[in-house]
Amino acid sequence: DKVPKRDIDVAKLAVLDQIGVALAGVGEDPGVKVQNMVNRCTANEATVLGTPRKTSTWLAALVNGTLGHTLDFDDCSSFGHPSVVLVPAMLATGETQHRNGRELLEAYIAGYEVGEALSRIVPRRADQFHGLHSTAMFGPLTSATVSGRLLGLSASQQRHAWGIAASQAGGITGNFGTHTKPLHGGIASQAGVMAAELAASGFEANPDALDAPLGYIQAVVAANRMEGVDIGKATAELDQWHIADTWRLKKYPCGYIAQGAIDAALRFREQTGLRLEDLTSVEIRVPHLQPYFRVRPTGEFSGKFGYEYPVACAILDGEVIKKTFSNEAFNRPDIKRHLGKFRTLEDPSSATDQGPLGALVIVAKGKTTLQPIEIPLGDHRRPVPPSQVVEKYVRNAGEVVGTDVARRTAQMLLE
């Protein structure tokens, strides 16, 4: 009852979006391979999305989390990709515990707020995380919160659950652009479900594992940065609610960092009418080029974690959609012929001199155009209307359940 309506409404949209994104991932290689392994188990507890099959709670979270991160179309926040970890845990534990919609939403919000607190304790900086993927690092603790709440853990049991989850945190950004990146979401969700169930059984961890010497926080904070950590200040904001002010929806199925650059490319295409063959060069200037966003595009998953390929496709096709990131699309002669015209440059001044997130500097037919990279639509600072979230869900879920069923379930989920 304390959560503001605007945060509740955004939480509902986040859950809806995540289920749709996971259904759109059905049939893709990462989910298929993980599910083939899970099919060897005979448990009948929790549903695997897009199938009539059930498995154990933690294996359902593993598959559904992997499905939900396969297209990299899932939402973002201050602590990485929140819903790909929270929703599978919510669905798996909620199903076995016969929880109602209100209880599921309360658990989702609790997990989200714990993630926000952790991100304030361990802020993202250039020298932080040591190559760790934030979703995989924070995720086990947030999913343990979700499952712990739905299981009705005591305060002492929840501390043990966090301790167990903390020992399962971590996933390296060096695996971006491969099948293993979506597996991060599945493992993080699975870890929290398993941690909560173990804690419920009396399994113990260090109840102070988060902030103890040699504990979680000390392990993930960069060397010589502990003096900037203020755990009390971060946890004091746990009842202030942050979802509406931090949640970010994705319009395109690729890394969030490229979303604004894709928007800029589409605006350039619409405003000028120019096409790839008209361009001499395209510089994508950004104030900071994250090390994990320099994956050389070689097809399918690798094309999602750099600027050049999706920006080129935006100008070529006028859209960036699921099939953009297929080997067939990558191997098109037009892409092969023109992709070399694109390059990304780190230019700290670009955020102040050119656009909020940098700029595209495009040379075409002897003329140079500077196209600012704006904060993308879907960001909490530029939110889209709920109807657009619903339409994204219907497109994604409709691939598996059909458009009519997708529209009906969207209405049910948002009530």
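This tour goes from a pocket to a surface patch and then to several salt bridges.

**Before you start**

The model is predicted, so local features need pLDDT of at least 70, side-chain atom pairs count only at pLDDT 80 or more, and totals for chains, interfaces and linings use all residues. Residues are numbered from 1 along each chain as its sequence is written, and side-chain values use heavy atoms, with hydrogens and water left out.

**Stop 1: the second largest pocket**

Select V15, I19, L91, L104 and L413. Of the 26 residues that line the second largest pocket, these lie nearest its centre. A pocket here is an open set of points on a 1 Å grid over the protein atoms alone, where a 1.4 Å probe fits, with protein on both sides within 12 Å along at least five of seven lines; lining residues have an atom within 4 Å of a point. Its volume is about 640 Å³. That volume is the space filled by probe spheres set on the points, and points are joined across faces, edges and corners.

Now colour the helices. Those giving two or more residues to this lining are α1 (5-24), α3 (57-70), α4 (83-97), α5 (101-121), α17 (386-401) and α18 (403-414). Helices are DSSP runs (H or I, at least four residues), numbered from the N terminus. Which helix gives the largest share of the lining? It is α4, with six residues.

Colour the lining by type next. You get 17 nonpolar, five polar and four charged residues. Ala, Val, Leu, Ile, Met, Phe, Trp, Tyr, Cys and Pro count as nonpolar; Asp, Glu, Lys and Arg are charged; the others, Gly among them, are polar.

**Stop 2: a nonpolar patch**

Select V400, V401 and V405. They form a nonpolar patch on the surface, with about 170 Å² of accessible area together. Patch residues have over 30% relative accessible area and no salt bridge, and nonpolar side chains (Val, Leu, Ile, Met, Phe, Trp, Tyr) are joined within 5 Å. Areas come from the Shrake-Rupley method with a 1.4 Å probe, and for residues only the protein chains shown count as cover. V405 is found in helix α18.

**Stop 3: salt bridges**

A salt bridge is a side-chain nitrogen of Lys or Arg within 4 Å of a carboxyl oxygen of Asp or Glu. The count comes to 22.

Select E106 and R149. Their side chains meet in a salt bridge (3.8 Å, N to O). E106 lies in helix α5 and R149 in helix α6 (residues 134-151), so the pair ties together parts that are 43 residues apart in sequence. E106 is partly exposed, with a relative accessible area of 28%. That label covers values between buried (under 20%) and exposed (over 50%), using a 1.4 Å probe and protein chains only. R149 is partly exposed too, at 46%.

Move to D208 and R159. This salt bridge spans 2.4 Å, N to O. D208 lies in the loop between α8 and α9 (216-220) and R159 in helix α7, so the pair ties together parts 49 residues apart in sequence.

Next, select D317 and R332. Their closest N and O atoms are 2.9 Å apart. D317 is in helix α13 (residues 308-317), while R332 is in the loop between α14 (327-330) and α15 (333-338).

Finish with E28, K322 and E399. A network of salt bridges links these residues.

How values were computed. Patch = residues over 30% accessible without salt bridge, like charges linked within 9 Å, V, L, I, M, F, W, Y side chains within 5 Å.
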